[in-house]
There are 2 protein chains.
Amino acid sequence: MPRSGAEARRRLQQAAMELYRERGFDQTTTAEIAARAGVNERTFFRHFPDKREVLFDGEAALRTALTQAVAEAPDDLQPLDILLHAFRKAGRILEDNRPFSEPRQAVIAATPALRERELAKAASLTDAVAEALRQRDVADRLAGLAARTGWAAFHQAAQAWIDDPAQSLDDHLRQAFDDLRALSAGKEAASS
Amino acid sequence: MPRSGAEARRRLQQAAMELYRERGFDQTTTAEIAARAGVNERTFFRHFPDKREVLFDGEAALRTALTQAVAEAPDDLQPLDILLHAFRKAGRILEDNRPFSEPRQAVIAATPALRERELAKAASLTDAVAEALRQRDVADRLAGLAARTGWAAFHQAAQAWIDDPAQSLDDHLRQAFDDLRALSAGKEAASS
């Protein structure tokens, strides 16, 4: 039975994740992923350039969501408030993908080459966010610092959300930005 | 004439940097580096595991300086003040190495594989700094966020110092941490 492209893509992602968890990323081949997804290897390569990119498929959507949200944030917000606004908007993509986000994180944590790819992606997204701030006339020097600082809070929140699913990512984001302000004000943040 | 190990090491580093700048990192071989330094290739491998690590030689010294300075910072400092203190102490290593730091940055910026190595190194140093804060009883969650935020300010300062040598790294560090506080207080930092 022929399947739609979107359906094949979803099945490939699920098959890849299962195999990476069962036997490890390095020990899995694209042929095995395709076989488990019930498609041929050519179909795999129509959707993904290699087995690594199956895990980084959401990068473009996250980049678009973040830079658009920075551009469209209310005029009267200060840089870190713009970023909290943007991360909350983009966070919905992650919340919708929670069943994928959680095992994905475990696979990346277990594989040095994937951790490097994740760091490179974070650096590139941070640069894109800084550029979006500059487009809003945030001073050059502050835009870079704000983007990196906001990313630190986002990273903290995403990690806490993976570890503690009882709270939403949105709650963790607000907590992390509160912590950031408390740190910079020289007070210990209230524990919650 | 036999040379001391430290002298050979220094010559190898200088030869590597010259070649990376002249013809690019990817186009340079360890044999060429050794030849330019006037030693044989075996001597190269006695000092460095590969041509990449010539550029990351200072990592262990920086890690020791940072974690020690965090441990030894005055008791009454808040987390970000501890980090400013630590980065200022460790910054002396970079200031002493300025003739090496500047071309090094240019070579790394031009080579994707080196940028990934630099990011991995920054992540690992950030984890070490967070752990040193936890040893001082900073709460787990805040230690990670403080370390990442402090690293963002350090990165900003080091970049500004490479671009603008008229000010010392120490001045740039104090400026970046001031910017951080101003950002988090919701005010635009005064430009200087």
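Contact means heavy atoms within 4.5 Å. The model is predicted: local features need pLDDT of at least 70, side-chain atom pairs count only at pLDDT 80 or more, and totals for chains, interfaces and linings use all residues. Residues are numbered from 1 along each chain as its sequence is written.

**Exercise 1.** Find the contacts of B:L83, leaving aside neighbours within four places in sequence.

*Solution.*
1. The partners of B:L83 are B:V70, B:V129, B:L133, B:A146, B:A147, B:G150 and B:F177.
2. B:L83 is also among the residues with the most contacts inside the largest nonpolar core, together with A:L83, A:F177 and B:F177.
3. That core has 76 residues. A nonpolar core is a set of buried (under 20% relative accessible area, 1.4 Å probe, protein chains only) Ala, Val, Leu, Ile, Met, Phe, Trp, Tyr and Cys residues joined through side-chain atoms within 4.5 Å.

**Exercise 2.** Describe how α5(B) and α8(B) pack.

*Solution.*
1. Helices are DSSP runs of H or I with at least four residues, numbered from the N terminus; here they are residues 79-96 and residues 140-163 of chain B.
2. The angle is about 35° and the axes are 10 Å apart, with axes fitted to C-alpha atoms over the stretch in contact and angles running from 0 to 180 degrees between N-to-C directions.
3. The α5(B) side includes B:L83 and B:F87, and the α8(B) side includes B:G150 and B:W151.
4. The residues of this contact divide into ten nonpolar, one polar and one charged; Ala, Val, Leu, Ile, Met, Phe, Trp, Tyr, Cys and Pro count as nonpolar, Asp, Glu, Lys and Arg as charged, and the others, Gly among them, as polar.

**Exercise 3.** State what the buried residues of α1(B) pack against.

*Solution.*
1. The buried residues include B:L12, B:M17 and B:Y20.
2. The buried residues of α1(B) pack against α2 (30-37), α3 (41-47) and α6 (98-109) of chain B.

Notes:
Chains are lettered from A and ligands numbered from 1 in the order in which they are written. Side-chain values use heavy atoms; hydrogens and water are left out. Helices (H or I, at least four residues) and strands (E, at least two) are DSSP runs, numbered from the N terminus. Buried means under 20% relative accessible area, exposed over 50%, partly exposed in between (1.4 Å probe, protein chains only).
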